[in-house]
Amino acid sequence: MPQTTAPTASLPGHQVGALLKELREGTGDSLAQVCDYLNTRNIGCDTGTLSRIENGRRRINAETATALLDRYGADPDERNQVLDLISVDTTRRRRPGLWRRHSALISGMQFEPFLTLERKADWITTYQTDLIPGLLQTRDYARQVLALLRPNLTAGDLEGLADLRMSRQKSFAQGRQRIRALICQRALTRSVGDPAVMHEQLQHLLYTAGSPRHDVRILPYTSLIHPGATGPFVILGFDETTPDLVCVETMTHSVYFEGEADVRAYTEAFSGLWDRALAPGDPTIGLEEMIKEQHP
């Protein structure tokens, strides 16, 4: 079975819990024994709380984590990994105003963990089959896409989601992240809104493709059936203290894969498709030429 994470949980917190559980089991300690030890260090903790920490359903502070690492005899690498993950877990920080304003909406979609981790990622690798990736969309295109994909939402909710998408782009522009976007050619020819909306979107894509922090390639129609035929996905890449993870968005949920084998499978699939794809300036399928063909 793929290793997935409940999207309502903090993913760094889930990783911390898994590491601490592995260390505890390596010592042979029971939950009760560890709780007794914590109490001797004036850290109140019962077995239910410790179990929730290990399952990623409860946050842990650095003091408690340090005490557990002492109990388990963690080596320096294990200690640094756990404490670094705790520092990466930004769910304790005050959420941006837009997130709070639309909390009911993004919580219902179980999207907030992705928003949090996207802001922390060093690399964002995205593969899209039918649409321009969200971080590269214009506002009008985003609004049209959201209306088509989520017809049950009110006009206010759609505007709120469009605001969030533009906010993500602003955050990206102000950060140091890099993005690799692999887009199937049919996303460039699929009509979203009226011709003016698509023309603006493709011009914007051409502009962003020239940015040093954007690496965009187009997968042409001629490609045969390949692993990417299973659907779009995003790989969030972090520094060495935090494992990379994959996000796949379904109609109602965001599903995360953080197991090493799962992430490797998606990464290898992306690399294979990336090598087949063409950069916007390629004379065979230049993005500028495609824009002129589709929207003269």
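Which helix gives the most residues to the lining of the largest pocket? It's helix 10, with four residues. Helices here are DSSP runs of H or I with at least four residues, strands are runs of E with at least two, and both are numbered from the N terminus.

A quick word on the ground rules. This is a predicted model, so to speak: local features need pLDDT of at least 70, side-chain atom pairs count only at pLDDT 80 or more, and totals for chains, interfaces and linings use all residues. Residues are numbered from 1 along each chain as its sequence is written, and side-chain values use heavy atoms, with hydrogens and water left out.

**The pocket**

The largest pocket has a volume of about 870 Å³. A pocket is an open set of points on a 1 Å grid over the protein atoms alone, where a 1.4 Å probe fits, with protein on both sides within 12 Å along at least five of seven lines; lining residues have an atom within 4 Å of a point. Points are joined across faces, edges and corners, and the volume is the space filled by probe spheres set on them. Among the 32 lining residues, Q128, L131, L149, R165 and E249 lie nearest the centre. Besides helix 10 (155–174), the elements giving two or more residues are helix 8 (112–120), strand 2, helix 9 (139–149), strand 5 (233–237) and strand 6 (245–249). The lining divides into 20 nonpolar, six polar and six charged residues.

**The cores**

A nonpolar core is a set of buried Ala, Val, Leu, Ile, Met, Phe, Trp, Tyr and Cys residues joined through side-chain atoms within 4.5 Å. The largest one has 21 residues, and V16, L20, L38, I60, L68 and V82 touch the most other members. Helices 1 to 5 each give two or more residues to this core, and helix 4 gives the most, with five. L38 touches I43, C45, T64, A67 and L68, leaving out residues up to four places away in sequence. A second, separate core of 16 residues includes A187, V192, L202 and A209.

**Two buried residues**

Buried means under 20% relative accessible area (1.4 Å probe, protein chains only).

| Residue | Where | Relative accessible area |
|---|---|---|
| T126 | strand 2 (residues 123–128) | 5% |
| Q185 | loop between strand 3 (178–184) and helix 11 (186–189) | 13% |

Beyond four places in sequence, T126 is in contact (heavy atoms within 4.5 Å) with residues including P133, I179, F233 and F270. Q185 and P220 sit 5.2 Å apart, C-alpha to C-alpha, although 35 residues separate them in sequence.

How values were computed: Buried means under 20% relative accessible area, exposed over 50%, partly exposed in between (1.4 Å probe, protein chains only). Ala, Val, Leu, Ile, Met, Phe, Trp, Tyr, Cys and Pro count as nonpolar, Asp, Glu, Lys and Arg as charged, and the others, Gly among them, as polar.
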